[in-house]
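The points are numbered and may be taken in order.

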Amino acid sequence: MQATVGSAIGRIKKVSTMDEFLKAAIDEARAGLDEGGIPIGSVLVLDGKIVGRGHNRRVQQGSAILHAEMDCLENAGRLTAADYRRSVLYSTLSPCDMCSGAILLYKIPQVIVGENQTFQGPEAHVRSRGVDVQVVDNAECVELMRRFIADRPELWGEDIGEEV
(Lines give C-alpha, C1' and ligand atoms only; values in the text may rest on other atoms or scores of the structure.)
Protein backbone atom coordinates (compact mmCIF):
# COMPACT_ATOMS: atom_id res chain seq x y z
CA MET A 1 0.00 0.00 0.00
CA GLN A 2 1.42 3.43 -0.92
CA ALA A 3 0.93 6.58 1.14
CA THR A 4 0.95 10.02 -0.41
CA VAL A 5 1.55 13.46 1.00
CA GLY A 6 0.15 16.65 -0.51
CA SER A 7 2.57 19.55 -0.10
CA ALA A 8 1.54 23.11 0.63
CA ILE A 9 1.59 23.86 -3.11
CA GLY A 10 -0.53 20.87 -4.02
CA ARG A 11 2.10 18.47 -5.33
CA ILE A 12 1.62 14.78 -4.56
CA LYS A 13 4.73 12.94 -3.49
CA LYS A 14 4.96 9.18 -3.11
CA VAL A 15 6.65 7.90 -0.02
CA SER A 16 7.71 4.43 1.03
CA THR A 17 5.13 1.86 1.95
CA MET A 18 2.78 2.62 4.78
CA ASP A 19 3.49 -0.76 6.34
CA GLU A 20 7.19 0.05 6.79
CA PHE A 21 6.43 3.23 8.72
CA LEU A 22 3.61 1.73 10.76
CA LYS A 23 5.96 -1.12 11.69
CA ALA A 24 8.47 1.47 12.93
CA ALA A 25 5.72 3.03 15.07
CA ILE A 26 4.83 -0.43 16.43
CA ASP A 27 8.49 -1.01 17.26
CA GLU A 28 8.40 2.22 19.25
CA ALA A 29 5.23 1.08 21.05
CA ARG A 30 6.91 -2.19 22.00
CA ALA A 31 9.96 -0.26 23.27
CA GLY A 32 7.69 1.77 25.52
CA LEU A 33 6.07 -1.37 26.89
CA ASP A 34 9.49 -2.97 27.47
CA GLU A 35 10.46 0.11 29.50
CA GLY A 36 7.38 -0.27 31.73
CA GLY A 37 5.37 2.37 29.92
CA ILE A 38 2.29 2.56 27.73
CA PRO A 39 2.58 0.81 24.33
CA ILE A 40 1.93 3.66 21.92
CA GLY A 41 4.45 4.60 19.24
CA SER A 42 4.78 7.23 16.57
CA VAL A 43 7.07 8.22 13.70
CA LEU A 44 7.26 11.38 11.60
CA VAL A 45 8.05 10.85 7.93
CA LEU A 46 9.45 13.58 5.70
CA ASP A 47 10.25 13.00 2.05
CA GLY A 48 9.95 9.23 2.50
CA LYS A 49 12.33 9.09 5.49
CA ILE A 50 11.72 8.81 9.20
CA VAL A 51 12.95 12.05 10.78
CA GLY A 52 11.52 11.51 14.25
CA ARG A 53 10.38 8.60 16.32
CA GLY A 54 9.01 8.30 19.80
CA HIS A 55 6.87 6.40 22.22
CA ASN A 56 4.72 7.22 25.20
CA ARG A 57 7.21 8.00 27.97
CA ARG A 58 4.97 9.56 30.60
CA VAL A 59 5.75 6.80 33.10
CA GLN A 60 9.44 6.51 32.32
CA GLN A 61 10.07 10.27 32.46
CA GLY A 62 7.45 11.20 35.07
CA SER A 63 6.03 13.52 32.40
CA ALA A 64 2.58 15.00 32.03
CA ILE A 65 2.87 15.40 28.25
CA LEU A 66 5.17 12.80 26.69
CA HIS A 67 2.59 10.94 24.64
CA ALA A 68 4.08 9.09 21.67
CA GLU A 69 3.31 11.82 19.15
CA MET A 70 4.75 14.54 21.41
CA ASP A 71 7.91 12.47 22.01
CA CYS A 72 8.22 11.86 18.27
CA LEU A 73 7.90 15.55 17.41
CA GLU A 74 10.39 16.46 20.14
CA ASN A 75 12.86 13.88 18.84
CA ALA A 76 12.48 15.20 15.27
CA GLY A 77 13.88 18.50 16.51
CA ARG A 78 13.17 21.88 15.04
CA LEU A 79 11.72 21.68 11.56
CA THR A 80 10.52 24.43 9.26
CA ALA A 81 6.85 25.10 8.66
CA ALA A 82 7.37 23.83 5.10
CA ASP A 83 8.82 20.57 6.42
CA TYR A 84 5.81 19.90 8.64
CA ARG A 85 3.46 20.68 5.75
CA ARG A 86 4.89 17.86 3.67
CA SER A 87 5.22 15.30 6.43
CA VAL A 88 3.15 12.32 7.53
CA LEU A 89 2.69 11.33 11.16
CA TYR A 90 2.16 7.65 11.94
CA SER A 91 0.75 6.64 15.31
CA THR A 92 -0.23 3.24 16.60
CA LEU A 93 -3.26 4.77 18.35
CA SER A 94 -5.67 7.57 17.49
CA PRO A 95 -4.07 10.83 18.72
CA CYS A 96 -5.65 12.45 21.78
CA ASP A 97 -6.72 16.10 22.03
CA MET A 98 -3.23 17.25 23.04
CA CYS A 99 -1.44 15.42 20.23
CA SER A 100 -4.11 16.41 17.71
CA GLY A 101 -3.50 20.02 18.73
CA ALA A 102 0.17 19.66 17.82
CA ILE A 103 -0.81 18.12 14.48
CA LEU A 104 -3.07 21.11 13.79
CA LEU A 105 -0.55 23.67 15.06
CA TYR A 106 2.18 22.43 12.73
CA LYS A 107 -0.26 21.77 9.88
CA ILE A 108 0.83 18.17 9.40
CA PRO A 109 -1.36 17.21 6.41
CA GLN A 110 -1.67 13.46 6.92
CA VAL A 111 -1.94 11.15 9.91
CA ILE A 112 -1.94 7.37 9.62
CA VAL A 113 -3.53 5.73 12.66
CA GLY A 114 -2.85 2.10 13.53
CA GLU A 115 -6.13 1.71 15.37
CA ASN A 116 -8.96 3.61 17.03
CA GLN A 117 -10.97 0.76 18.56
CA THR A 118 -9.48 1.02 22.05
CA PHE A 119 -9.37 4.84 22.02
CA GLN A 120 -10.54 7.44 19.54
CA GLY A 121 -9.27 10.98 19.68
CA PRO A 122 -10.91 13.95 17.93
CA GLU A 123 -10.49 12.52 14.44
CA ALA A 124 -13.58 14.25 13.04
CA HIS A 125 -12.35 17.64 14.25
CA VAL A 126 -8.87 17.05 12.83
CA ARG A 127 -10.41 16.03 9.49
CA SER A 128 -12.64 19.12 9.55
CA ARG A 129 -9.44 21.19 9.72
CA GLY A 130 -8.15 19.63 6.49
CA VAL A 131 -5.99 16.80 7.79
CA ASP A 132 -6.18 13.49 5.95
CA VAL A 133 -6.66 10.98 8.80
CA GLN A 134 -6.51 7.34 7.75
CA VAL A 135 -7.26 4.55 10.21
CA VAL A 136 -5.81 1.23 9.10
CA ASP A 137 -7.21 -1.02 11.88
CA ASN A 138 -3.94 -2.88 12.38
CA ALA A 139 -4.53 -6.05 14.43
CA GLU A 140 -1.16 -5.82 16.18
CA CYS A 141 -1.88 -2.27 17.35
CA VAL A 142 -5.31 -3.31 18.65
CA GLU A 143 -3.91 -6.33 20.51
CA LEU A 144 -1.09 -4.32 22.13
CA MET A 145 -3.56 -1.81 23.54
CA ARG A 146 -6.26 -4.31 24.54
CA ARG A 147 -3.74 -6.37 26.46
CA PHE A 148 -2.23 -3.29 28.12
CA ILE A 149 -5.61 -1.83 29.11
CA ALA A 150 -6.68 -5.18 30.61
CA ASP A 151 -3.39 -5.52 32.53
CA ARG A 152 -2.97 -1.89 33.66
CA PRO A 153 -6.36 -0.10 33.63
CA GLU A 154 -5.28 2.43 36.26
CA LEU A 155 -2.25 3.50 34.24
CA TRP A 156 -4.31 3.71 31.07
CA GLY A 157 -6.90 5.87 32.84
CA GLU A 158 -4.14 8.19 34.07
CA ASP A 159 -2.76 8.52 30.55
CA ILE A 160 -6.09 9.63 29.07
CA GLY A 161 -7.17 11.69 32.06
CA GLU A 162 -9.94 9.42 33.29
CA GLU A 163 -10.73 7.81 36.62
CA VAL A 164 -10.92 4.01 36.59
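1. Helix 1 (residues 18-34) has 17 residues, which at 1.5 Å a residue should span 24 Å; the end C-alpha atoms are 24 Å apart, so the two values agree. The expected span is 1.5 Å times one less than the number of residues. Helices (H or I, at least four residues) and strands (E, at least two) are DSSP runs, numbered from the N terminus. The buried residues of helix 1 are M18, F21, L22, A24, A25, I26, E28, A29 and G32. Buried means under 20% relative accessible area, exposed over 50%, and partly exposed in between, with a 1.4 Å probe and protein chains only. Just after helix 1, G36 adopts a positive phi of about 90 degrees.

2. On provenance, this is a predicted model, in which local features need pLDDT of at least 70 and side-chain atom pairs count only at pLDDT 80 or more, while totals for chains, interfaces and linings use all residues. Residues are numbered from 1 along each chain as its sequence is written, and side-chain values use heavy atoms, with hydrogens and water left out.

3. For the chain overall, the secondary structure comes to eight helices and seven strands. Of the 164 residues in the protein chain, 48% are buried. Among contacts with a separation of 6 or more, 52% join residues 24 or more positions apart; contact means heavy atoms within 4.5 Å.

4. Five strands form an open sheet in the order 4-3-5-6-7, with mixed pairing. Strand 4 (49-55) and strand 7 (132-135) are at the edges with a single partner strand each, so one side of each has no neighbour in the sheet. Neighbouring strands are turned by 15 degrees against each other on average, direction ignored. Axes are lines fitted to C-alpha atoms, for helices over the stretch in contact, and angles run from 0 to 180 degrees between N-to-C directions.

5. Strand 3 (residues 41-46) pairs with strand 5 (residues 87-91) in the antiparallel sense over five bridges. Two strands pair if DSSP finds at least two bridges between them. Within this pairing, L46 stands opposite S87, and V45 has V88 as its bridge partner. Strand 3 also pairs with strand 4, again in the antiparallel sense, over six bridges; here V43 is opposite R53 and G41 is opposite H55. Strand 3 and strand 4 form a hairpin with two residues between them, and D47 in the turn has a positive phi of about 55 degrees.

6. Which faces of strand 3 are covered? Both are: G41, V43 and V45 on one side, and S42, L44 and L46 on the other, are all buried.

7. The axes of helix 3 (residues 68-76) and helix 5 (residues 97-105) come within 8 Å and cross at roughly 35 degrees. At this contact, E69, M70 and L73 in helix 3 meet M98, C99 and A102 in helix 5. These residues divide into five nonpolar, no polar and one charged. In this scheme Ala, Val, Leu, Ile, Met, Phe, Trp, Tyr, Cys and Pro count as nonpolar, Asp, Glu, Lys and Arg as charged, and the others, Gly among them, as polar.

8. Helix 3 has A68, E69, D71, C72, L73 and A76 buried. The elements covering these residues include strand 3, strand 4, helix 4 (81-84), strand 5 and helix 5. Just after helix 3, G77 takes a positive phi of about 80 degrees.

9. The largest nonpolar core has 15 residues, of which L44, L73, L89, I103, I108, V111 and V131 touch the most other members. Helix 3, helix 5 and strand 6 (110-113) each supply at least two residues of this core. Apart from it lies another core, of 14 residues, among them I26, V43, Y90 and C141. A nonpolar core is a set of buried Ala, Val, Leu, Ile, Met, Phe, Trp, Tyr and Cys residues joined through side-chain atoms within 4.5 Å.

10. K107 is found in the loop between helix 5 and strand 6. K107 counts as partly exposed because its relative accessibility is 46%. Leaving aside neighbours within four places in sequence, K107 is in contact with Y84 and R85. The C-alpha atoms of K107 and R129 are separated by 9.2 Å, the two residues being 22 apart along the chain.
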